[in-house]
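Morning, everyone. I have one structure to walk through today. Let me put it on the screen.

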Amino acid sequence: MINDWKRDGRRSRVTEVNELLTTAEMAEADRLAIALGIPGIELMENAGRAVAAAALPLARGTEVLVMCGPGNNGGDGFVAARHLAAAGRKVRVMLLGEVGRLRGDAAVMAARWDGDVHLLGPDVPGAAGVVVDALFGAGLSKPVDGAAAAAIEAVNRSGLPVVAVDVPTGLDGSSGQVRGIAVRATRTVTFFRLKPGHLLMPGRDLCGEVRLADIGIPGSVLDDIRPSAFANRREIWAGRLCLGRRDIHKYDRGHVLVVGGDQWNTGAARLAARAALRAGAGLVTVASPTAALPVYASHLTSVMLRDGEGVEGVKAALADPRRNAVVIGPAAGVGDATRDKVCAVLAAGRSAVLDADALTSFEASPEQLFGAILSDRARPVVMTPHEGEFRRLFGSVVDMDADKLARARAAARLSGAVVLLKGTDTIVAAPDGKAWINDNAPEWLATAGSGDVLAGIVAALLARGLPAPLAAAAAAWLHGAAALRAGPGLIAEDLPEAIPSVLRELRN
Ligand SMILES: NC(=O)C1=CN([C@@H]2O[C@H](COP(=O)(O)OP(=O)(O)OC[C@H]3O[C@@H](n4cnc5c(N)ncnc54)[C@H](OP(=O)(O)O)[C@@H]3O)[C@@H](O)[C@H]2O)[C@@H](O)CC1
Ligand SMILES: [K+]
């Protein structure tokens, strides 16, 4: 859970705190701030003070163990130790390495600590009741091993509350991946802006509650850094949903066409269609194979129905130019027929959401799909794979060992589509490299049909004219928020019905 979002008084854009900085970008922010005349020692003092403030309430009447590393993360630890001691807490500082080897600001802060400094060894956590983890932060350069790894293992085993400085040691702030072993923190205090690793899994789980502290770095440094990753927050796209406008006709809100499956597989398209209506599409039509028409007809009310037999039927359904966004893939069937229909949809120039079987059908020929998408870059396309579908479509062209953010970005760049890679940490990646990380999905959202609903929401927002990356980001968030509303025990049918109350809250 993210809280304590602090606004930087010097800039007023609400989206600014959504920016996520890689560890390299954060080092650059540090460098630029110092170049602007803000002493590094002041930044470190502010950082360490914020850490102490986060640890204080956890350390009532117990000793605090501060584990310091050899770099500036350790420097923050020495500052925190000083403030905790000044607040009357018993503090034990353990250092990985020798004090004499510390350099720069960390050496200055170590000198300002007037207590003992013990060598980090096997007696961790000793008598401590709470631990401050200041071993490694943004400077993690290799897998954690040796004395640091042993200390982390002992702390994790102890079950003691841990306050991590910047990131839990062992967590790569840029990728969210563990290098060797990582601290499991109760609370993580980070500075200026979050990093992708605070939101990506498993990093998010290791951080516990994340607090963001303003340490005096001016927001203007971001003009030079130009971050390309963002936390998916409502401020980014809520203004584009036009929830307060009165002058809107149903045709202004777009017309979604859902390409439906056969008579034995109608549920997925019905879920997508219903979600598209609930998410604000003006009209929604399901185009179905002829034999399935009676099945759909017996289940649909406000959603319209028309014949969409074979590729010709889909083409005919696309002849009406008001049908401006298409969902294809949910329960469509894997094979030539679906491939042909996808190509017809893309050739028609409509906004398209490609999901499930529309993706898997191109497993053996991903370049055919990418070529069709790239032939018209002006036409918005969103792909919504889960990990399995992603692997099938992109496994031969994207480095599957890379972290999730990097994989989604590579897929978007290669395919020309916005890629919404589903999961607890859903990523929305645009072909230009920008990416949004979503973090509001509860675990009960992983249920049959949930992806069909998401595809319908994306299509509704495309139909309403949102740019594809924002449509995908907003849809991921609405989907998670609807699941939170519906609560545990959720089935996919509940999701569309929960959307109105989410929209009502956004409108207010
Ligand atoms: N940026 C900002 O605005 C501000 C940043 N601040 C703080 O600075 C932190 C970044 O500091 P940092 O760059 O000194 O890196 P840090 O994480 O201390 O580690 C570097 C040291 O650890 C070593 N080392 C690394 N991995 C290792 C391993 N697996 N096993 C063994 N050794 C390993 C590494 O060795 P080397 O790679 O050089 O061989 C080097 O000696 C940041 O997280 C935040 O807390 C704040 O003070 C306020 C302003
Ligand atoms: K740390």
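Start with the spacing. The C-alpha centres of domain 1 and domain 2 are 40 Å apart. This is a predicted model, so please keep that in mind throughout. Where are the bounds? Domain 1 covers 2-231, and domain 2 covers 246-507.

Now, how many residues of each domain are in contact with the other? On the domain 1 side, 13 residues; on the domain 2 side, 11. Stay with domain 1 for a moment. Two elements, α6 (196-199) and β10 (229-231), each give at least two residues to the side that touches domain 2. β10 supplies the largest share of that side, three residues.

Next, the whole chain. How many helices and strands does it have? The chain has 19 helices and 19 strands. For the outline, picture a box of roughly 80 × 45 × 40 Å along the principal axes; the C-alpha atoms of the chain fill it.

Two last figures. Of the 508 residues, 54% count as buried. Then take the contacts between residues at least 6 apart in sequence: 74% of them join residues at least 24 apart.

That's my tour. Over to you for questions.

Methods: Residues numbered from 1 in each chain as written. Chains lettered and ligands numbered in written order. Predicted model: local features only at pLDDT ≥ 70, side-chain atom pairs only at ≥ 80, totals over all residues. Helix = DSSP H or I, 4+ residues; strand = E, 2+ residues; numbered from the N terminus. Buried ≥ 20, exposed ≤ 12 C-beta atoms within 10 Å, placed from the backbone. Contact = placed C-beta atoms within 7 Å. Domains from an automatic or database assignment.
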